[in-house]
Amino acid sequence: MTTLTPGIALENKTSSLTRIVAQVISFVFHPLLIPVYITCFLLFVHPLMFAGYESSGKLKLLGTVVVNLTMLPAITVFLCWRLKFVETVFLHTQRDRIIPLAAAMIFYFWCWFVLKGFTEIPEYFRQFLLGCFITIIVAWMSNIYFKISLHGLAMGGMFCFTFMVMYSTEGASAQYLAMAALISGLVCTSRMLLNAHPPF
């Protein structure tokens, strides 16, 4: 019977705890949730982006984003898993990602296409939806050659959009950009700690 020295036992415990924290961070900031977080930020935190909008209008817009950019892609993944088109709902392989990403492209395009005609919606938000659609296209095309980090794409999109909002709109604060940088660093570091992707 082998026994671990206190130092090794502590190291293993710390490693396990680190992985748990990394998994929680990866789940909380899942790529499907990032558009919802950014929409909530613009609707309820940014002081001027949706100033003057009624609460009912804000909730309808948030509901549109939740349904099209989160619920429908998630349901697609679940159905693909139940129909055995993919091995797991976590989409570990490039093959598993083909159908869900293609479906997400349709949902993201539809959300942007419908809302782009509503001129009362701020231009920056419509640009954000277009950016989400383009990011999904990049993810799908890149997936042909290598397993790209969807978390990394989502964090890059969030950081760049926050950067654009901070320097292009009134009422923005550098605190928003600092928070986006912190979250991006935590998420990408978590994915590396979980060995979900190589450094490239």
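This is a predicted model: local features need pLDDT of at least 70, side-chain atom pairs count only at pLDDT 80 or more; totals for chains, interfaces and linings use all residues.
## Packing of α4 against α5

Helix α4 spans residues 94–115 and helix α5 spans residues 123–142; their axes come within 9 Å and cross at roughly 160°. Because angles over 145 degrees count as roughly antiparallel, α4 and α5 are described as roughly antiparallel to each other. Their crossing is left-handed.

On the α4 side, the contact is made by Ile-98, Leu-101, Ala-102, Ala-104, Met-105, Tyr-108, Phe-109, Cys-111, Trp-112 and Leu-115. The α5 side contributes Phe-125, Arg-126, Leu-129, Leu-130, Cys-132, Phe-133, Ile-136, Ile-137, Ala-139 and Trp-140. By class, the residues of this contact comprise 19 nonpolar, no polar and one charged.

## Packing of α3 against α4

Helix α3 (residues 55–82) also packs with α4: the two axes come within 9 Å and cross at roughly 165°. The pair is therefore roughly antiparallel. The crossing of α3 and α4 is right-handed.

From α3, the contact draws on Leu-61, Thr-64, Asn-68, Leu-69, Leu-72, Pro-73, Thr-76, Val-77 and Cys-80. From α4, the residues involved are Ile-99, Pro-100, Ala-103, Ala-104, Phe-107, Tyr-108, Trp-110, Cys-111 and Leu-115. The residues of the α3 contact with α4 divide into 15 nonpolar, three polar and no charged. Ala-104, Tyr-108, Cys-111 and Leu-115 of α4 take part in the contact with α5 and also in the contact with α3.

## The largest nonpolar core

The largest nonpolar core holds 36 residues, of which Leu-42, Phe-50, Tyr-108, Phe-125, Leu-129 and Met-155 touch the most other members. At least two residues of this core come from each of α2 (34–45), α3, α4, α5, α6 and α7 (174–193).

Met-155 is in contact with Phe-29, Ile-34, Ile-183, Ser-184, Val-187 and Cys-188, when neighbours within four places in sequence are left aside.

Phe-159 lies in helix α6, which covers residues 150–168. Its relative accessibility is 30%, so Phe-159 counts as partly exposed.

Apart from neighbours within four places in sequence, Phe-159 is in contact with Leu-177, Ala-180, Ala-181 and Ser-184. Ser-184 is also among the contacts of Met-155. Phe-159 and Thr-189 are 30 residues apart in sequence, with a C-alpha to C-alpha separation of 15 Å in space.

Terms used. Residues are numbered from 1 along each chain as its sequence is written. Side-chain values use heavy atoms; hydrogens and water are left out. Axes are lines fitted to C-alpha atoms, for helices over the stretch in contact, and angles run from 0 to 180 degrees between N-to-C directions. Helices (H or I, at least four residues) and strands (E, at least two) are DSSP runs, numbered from the N terminus. Angles under 35 degrees count as roughly parallel, over 145 as roughly antiparallel, 65 to 115 as roughly perpendicular and the rest as oblique. A crossing is left-handed if the near helix is turned anticlockwise from the far one by less than a right angle, and right-handed if clockwise. Contact means heavy atoms within 4.5 Å. Ala, Val, Leu, Ile, Met, Phe, Trp, Tyr, Cys and Pro count as nonpolar, Asp, Glu, Lys and Arg as charged, and the others, Gly among them, as polar. Buried means under 20% relative accessible area, exposed over 50%, partly exposed in between (1.4 Å probe, protein chains only). A nonpolar core is a set of buried Ala, Val, Leu, Ile, Met, Phe, Trp, Tyr and Cys residues joined through side-chain atoms within 4.5 Å.
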